[in-house]
Amino acid sequence: MKLFRFTAMLILGLTVFLTVVILSVPYDGEGVPSAPDEPQPGSSEPSSGEQTELRAAWLSFFELTELFQDADQQEFEARFEQIAAQAAAYGLNALIVQVRPYADAVYPSAVYPWSHIITGTQGRDPGYDPLQSMVGLCHRYNLQIHAWINPYRVKGKNNMELSADNQALKWYNDMDNEYVVNVDGSLYFNPAAEPVKQLILDGVAELVDQYDIDGIHMDDYFYPSAEEGYDGDSYAAYLAAGGTEDLSSFRRENVNDLVQRIYRLVKEKNPDVQFGISPGGNIEKNYNEQFADVALWLSEDGYVDYVMPQIYFGFEHGSLPFDDTADRWAQLLQAPGVKLYAGLPAYKIGESDQYAGSGAEEWKHSTENLKKMVQHLRANGNYSGFALYSFTSLFRPEEAVSAQVLLEREALRSLLD
């Protein structure tokens, strides 16, 4: 009996090891599958009338920073191609790539300086266009690419120096305006300032004009804080001009105005490009603390093509269990042309969830959470797909959680064939 158990465990161990080897492609430029000649299942080019489920993964600036590390154009493209090939082989059909992490860009921009994540210094030209490379490689593997922008964030606490040509720095140094505000040591654009809105719109315009992207994607950073004071001059000017709304309503209207103008701009330039937003998963917090009226964007035409709430809660979460939260989002009224997707937390696999209360340890023992989440979304009927945060969490996990991630990854894969 002991010999039988030992043999069974040995076989299981070898199976897990071989699967990891097959699914994990190292950054060595080798072993990249050939680009498919024809669109594959889950292609970004569905046949006429076909409704394709969105199966996406986010690729954040943290992950891009690693791709840029000690890489010239050729090496960067080789590394990114491995990601595109692996995503397509797994059954995904889209990557959401963070191209504007702060008031900067990972592409040559007339509006923003070069991002520091490429060379280590904001404003330094790397000598090539990473976004053009990423667009080409995604489409080679029949993946959509959504250009993920963070419209309001300028600078975190001591994480970089702004370049001299950064418009945000110029505004911040001009104390006669309130276009850039300091909130607890971090810098943000003021959502109430018209020059800020125009700068953001100009940045969206050049992305849609210059790149064959499939979407513009905003995340959950709206107003930097619910505290009063940092936008006091803007609110006072609004009241002096005859405004009657309270501060919270004033802030929500500023965000609504930008969202509506981005949507209109995108559609004027290219009706085929999608515009979507990924708010936090807590509906009340979005409305009351970040002043994002997501229910409005979902229910009326002219704001977004999709909403993708980050439902980063397990089934055992103490206050926001996944199934209940997903169902609440699905109950919000949807305009006919607006799709609802869900963001799923691959990054929590194998980790304690410190804000989950009684469900804090759920992700440390679960092996099919992601699969069950997708099954729940499909059964609900109001969801049109999902996105995983993040690509690296699922395909390049830390060694301490890699075995459990593999089990979650294989369970989910069974739904993607």
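I count a contact when heavy atoms lie within 4.5 Å. On that basis I looked at contacts in the protein chain between residues at least 6 apart in sequence, and 76% of them join residues at least 24 apart.

The model is predicted, with local features needing pLDDT of at least 70 and side-chain atom pairs counting only at pLDDT 80 or more, while totals for chains, interfaces and linings use all residues. Residues are numbered from 1 along each chain as its sequence is written, and side-chain values use heavy atoms, with hydrogens and water left out.

Whole chain. I find 16 helices and 12 strands, taken as DSSP runs numbered from the N terminus (helices H or I, at least four residues; strands E, at least two). Of the 417 residues, 54% are buried (under 20% relative accessible area, 1.4 Å probe, protein chains only).

Gly215. I placed Gly215 in strand 7, residues 215-218. Gly215 has a relative accessible area of 0%, so I list it as buried. Beyond its neighbours within four places in sequence, Gly215 is in contact with Ile145, His146, Ala147, Val273 and Gln274. His146 is 69 residues from Gly215 in sequence, yet their C-alpha atoms are 4.2 Å apart.

Helix 7 and helix 9. I looked up how helix 7 (residues 194-210) packs on helix 9 (residues 247-269): the angle is about 25° and the axes are 10 Å apart. Helix 7 is therefore roughly parallel to helix 9 (angles under 35 degrees). Residues making the contact include Ile200, Leu201 and Val204 of helix 7 and Leu258, Ile262 and Leu265 of helix 9.

Technical notes. Buried means under 20% relative accessible area, exposed over 50%, partly exposed in between (1.4 Å probe, protein chains only). Axes are lines fitted to C-alpha atoms, for helices over the stretch in contact, and angles run from 0 to 180 degrees between N-to-C directions. Angles under 35 degrees count as roughly parallel, over 145 as roughly antiparallel, 65 to 115 as roughly perpendicular and the rest as oblique.
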